Amino acid sequence: MSTLGGLSQILSGIAVAGFAGAALWLLLRPHARIAALMPAPRLLAFAAAATALWAAAMMIFTPAAPQVLVVQTLRDLAMLIWLGATFWSVRAPMSPPLRLILRMLVTISLLTLLLGVIAYWRGGAGAGPWLAPTLTFAAMIVATGGLIMVDAGVRQGGSGLRMPVMAVAGGFAMLWAYQLNVYLIGALTGQRATTLIALLPAVGLLTLPTYIIAGMDVGRERMRLSRTAATRTLVLVGAAAYLILIALTVAIARAAGGDYAELAQAISLVALLGAAVLMLASARSRAWLSVMISKHFFEHRYDYRAEWMRFTATLGQSAKDDEGEEDRNLYRRVAKALAELTGSPGALLLTPGAAGGFRIAEQWHWPGSVAEDAMLSLRSAFMLQETQHIVELDAERRGEGGEDLAIPEWLLADMRAWVVVPVLHFQRMIAVAVLHRPTVSRALDWEDLDVLRIAGQQAASYLAESQSQQALSEARRFDEFNRRFAFIMHDIKNLASQLGLLARNAERHADNPAFRADMTQTLKISAGRLSDLLIRLSPRERGPAAEPGRVLIETLLNDIAAEVRPRRELFVGCQAGLAAWADVGSVRQIVGHLVANAIDASAPATPVQIVAVAEQGRVRIDVIDQGCGMTRAFIRDELFKPFVSTKNGGFGLGAFEALQLAEAMGGAIEVASEPNKGSNFTLWLPLADARSGADVDARTMKVGQG
């Protein structure tokens with residue numbers, strides 16, 4: 001006995017034990033429990049037992065013996081009966097053609113079994129030579145029909161059966177396909193494929209685990225091949241079918257005699273090369289093949305998972321343009337995503353125009369040009385929004401449209417336009433997509449309409465979010481303008497109060513030359529401040545601390561003291577040469593506000609002081625008054641909040657704006673106050689010079705009365 005023969009006998013023995021054990025285990029399992037896992041558990045046990053008998057026959061007689069084919073008919077009969085009982089029922093009956101095929105296969109198996117049993121009972125081993133061709137031919141028919149039944153059964157029960165049950169059917173298909181391949185090789189070559197026949201026990205053993213797993217409470221989830229894997233499998237099957245066809249042609253030509261074999265090979269090679277060149281060179285041929293495969297080999301036209309992932313990736317920022325760079329144009333990405341979904345080579349996207357109607361906002365790979373006045377009228381837009389119809393333009397051109405949607409003439413005249421897709425967001429149409437005719441034109445079916453409708457809604461959410469972001473950005477700009485205007489109104493109020501006080505004093509001191517000089521200076525300062533306020537109100541003004549620089553504190557405090565002199569005399573003390581790194585306008589505004597509040601809070605004869613020193617590496621400016629003061633709760637909870645004021649007619653923005661300006665320059669404001677004892681506001685700013693003393697030297701302090 002050869003090594004392969006010995007291995008085959010060992011594998012046959014293992015198969016006998018394995019399938020017998022599987023049959024016994026299936027029979028001993030509680031019927032109610034196993035019946036919940038599959039429709040026909042006892043028939044599966046019968047199939048396992050019949051397979052064990054088939055393996056025993058291979059162990060006793062060798063796999064190539066005719067006696068094995070007789071026992072194999074019993075195995076095939078059990079497998080066919082299990083398929084019929086598992087995948088079809090009274091609620092889901094078998095179609096008449098399939099029922100006829102199943103009955104024919106069962107009849108062939110029964111007759112072959114009876115013929116084999118009678119022949120070996122009467123003739124013994126001598127019946128083998130004349131019986132073997134008949135048994136082989138019958139086995140080929142049953143294997144072919146069994147593959148048909150497995151395919152139909154999986155299609156019928158794929159949505160309701162557990163995956164392990166489907167795997168058992170897959171094991172049957174593998175076994176039948178292997179045996180059919182062995183028979184075909186023998187028929188084509190005229191010789192037995194002894195090596196492949198010897199490996200039959202190994203192939204049978206590969207199906208054993210499916211019996212065990214089918215009887216276990218596992219695998220309730222479904223498993224499907226991806227569209228890519230299924231397509232590649234189809235290509236491989238097609239290549240195998242081509243090779244088988246070539247082998248049959250050559251075998252027939254060789255049997256006929258002459259040089260037909262070489263002629264058949266040459267013709268086949270030319271046909272193959274021609275088909276390959278056609279597929280590689282012609283985009284239309286590839287598109288046609290893709291449509292045919294999707295139409296005839298797949299349950300659905302679209303691989304929804306892959307298409308949806310590509311669709312959302314195109315809509316998102318991860319989409320790339322033709323140059324490989326990130327495409328930030330959302331309108332173009334929407335047009336591209338909808339076009340790629342249906343295989344269109346290009347698309348137009350129309351959005352509402354300012355003058356009414358929908359106009360072309362963006363295009364993706366639309367060949368040629370479109371008229372500048374091309375638009376979708378408001379009437380047509382209203383009809384599309386109300387009906388939510390996806391319009392197939394070819395049907396409109398033929399006059400087969402169900403409703404008058406007022407499709408514009410330029411769109412009907414352009415034969416490149418294929419489909420009009422309304423992009424709807426909560427019943428409101430925010431865009432319209434026009435898809436270019438694909439390379440292989442086809443009519444839309446229900447699946448296309450559903451996909452385009454859902455994709456349009458998804459694209460509409462992206463467009464609506466983009467529009468909301470744009471509206472929010474505009475609202476923020478208006479909010480910034482209103483915020484700036486509120487601060488400026490507060491400063492204008494202070495200027496108005498100052499000018500009103502100046503006008504009242506002018507009635508009493510107009511004859512005083514010194515007063516007139518102060519009044520002129522004050523008016524110049526007020527006019528300058530009004531000009532600055534108007535500049536700040538400009539939309540191009542970006543912020544108060546845009547250009548920080550070196551600010552001489554002494555000069556700034558003296559200017560403020562001169563500005564408020566008509567209202568109150570200030571006592572100013574400043575360290576000599578003290579300079580802050582800040583924006584001069586912002587510092588002037590902060591100190592001016594603190595001084596104005598100190599004057600308002602103090603009695604007319606009460607002094608207001610300003611002291612500026614360098615301390616702890618920063619500039620410290622104190623504004624001190626002896627006015628009414630504030631409670632700690634007010635300072636903590638309300639002082640620096642907008643629109644909170646203790647003054648009649650006050651806006652409540654001064655302290656809030658001062659704090660915002662100080663923090664924008666890297667500074668801060670501290671407050672120390674008690675009711676009826678006055679307040680001390682401290683402004684901290686960055687020091688411009690590296691040399692700053694920790695203590696104040698009296699010899700470097702200039703004290704004056706403003």
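**Cores, helix pairs and salt bridges**

Colleague: Which residues does Phe 172 touch, not counting residues up to four places away in sequence?
Modeller: This is a predicted model, and contact here means heavy atoms within 4.5 Å. Residues up to four places away in sequence are left out. The residues that Phe 172 then touches are Ala 47, Met 79, Trp 82, Leu 83 and Tyr 211.

Colleague: Which residues touch the most other members of the largest nonpolar core?
Modeller: The largest nonpolar core has 59 residues. Phe 172 is among those that touch the most other members.

Colleague: How many residues are in the second, separate core?
Modeller: The second core is separate and includes Ile 560, Leu 639, Ala 662 and Phe 681. Its number of residues is 42.

Colleague: Are α3 and α4 roughly parallel or roughly antiparallel to each other?
Modeller: The axes of α3 and α4 come within 9 Å and cross at roughly 165 degrees. Leu 44 and Ala 47 are among the α3 residues that meet α4, where the partners include Trp 82 and Ile 81. Angles over 145 degrees count as roughly antiparallel. The relation of α3 and α4 is therefore roughly antiparallel.

Colleague: Is the crossing of α13 and α14 left-handed or right-handed?
Modeller: The axes of α13 and helix α14 (residues 330–342) come within 8 Å and cross at roughly 165 degrees, so α13 and α14 are roughly antiparallel to each other. Residues of α13 that meet α14 include Phe 311 and Leu 315, and those on the α14 side include Val 334 and Leu 338. For comparison, α3 passes α4 in a left-handed crossing. The crossing of α13 and α14 is right-handed.

Colleague: What separates Glu 307 and Arg 310 in helix α13?
Modeller: The side chains of Glu 307 and Arg 310 meet in a salt bridge of 2.7 Å, N to O. Arg 310 is partly exposed, at 38% relative accessibility. Because Glu 307 and Arg 310 are three residues apart in helix α13 (residues 304–315), the separation is about one helical turn.

Colleague: Is Asp 622 buried or exposed?
Modeller: Asp 622 forms a salt bridge with Arg 620, with the closest N and O atoms 2.8 Å apart. Glu 615 also forms a salt bridge with Arg 620, at 3.4 Å, and Glu 615 is partly exposed at 21% relative accessibility. Buried means under 20% relative accessible area. With a relative accessible area of 7%, Asp 622 is buried.

Colleague: How many salt bridges does the count come to?
Modeller: Side chains of opposite charge can pair when their charged atoms come close. Here, Asp 394, Arg 397 and Arg 437 are linked in a network of salt bridges. A pair counts when a side-chain nitrogen of Lys or Arg is within 4 Å of a carboxyl oxygen of Asp or Glu. By this rule the count of salt bridges is 13.

Colleague: What percentage of the 706 residues in the protein do buried residues make up?
Modeller: The protein has 23 helices and 14 strands. Of the 706 residues, the buried share is 42%.

Methods
Residues numbered from 1 in each chain as written. Predicted model: local features only at pLDDT ≥ 70, side-chain atom pairs only at ≥ 80, totals over all residues. Heavy atoms only, no water. Core = buried A, V, L, I, M, F, W, Y, C linked by side-chain atoms within 4.5 Å. Buried < 20%, exposed > 50% of the residue type's maximum accessible area, 1.4 Å probe, protein only. Helix = DSSP H or I, 4+ residues; strand = E, 2+ residues; numbered from the N terminus. Axes fitted to C-alpha atoms, helices over the stretch in contact; angles between N-to-C directions. Parallel < 35°, antiparallel > 145°, perpendicular 65-115°, else oblique. Left-handed = near helix turned anticlockwise from the far one by under 90°.
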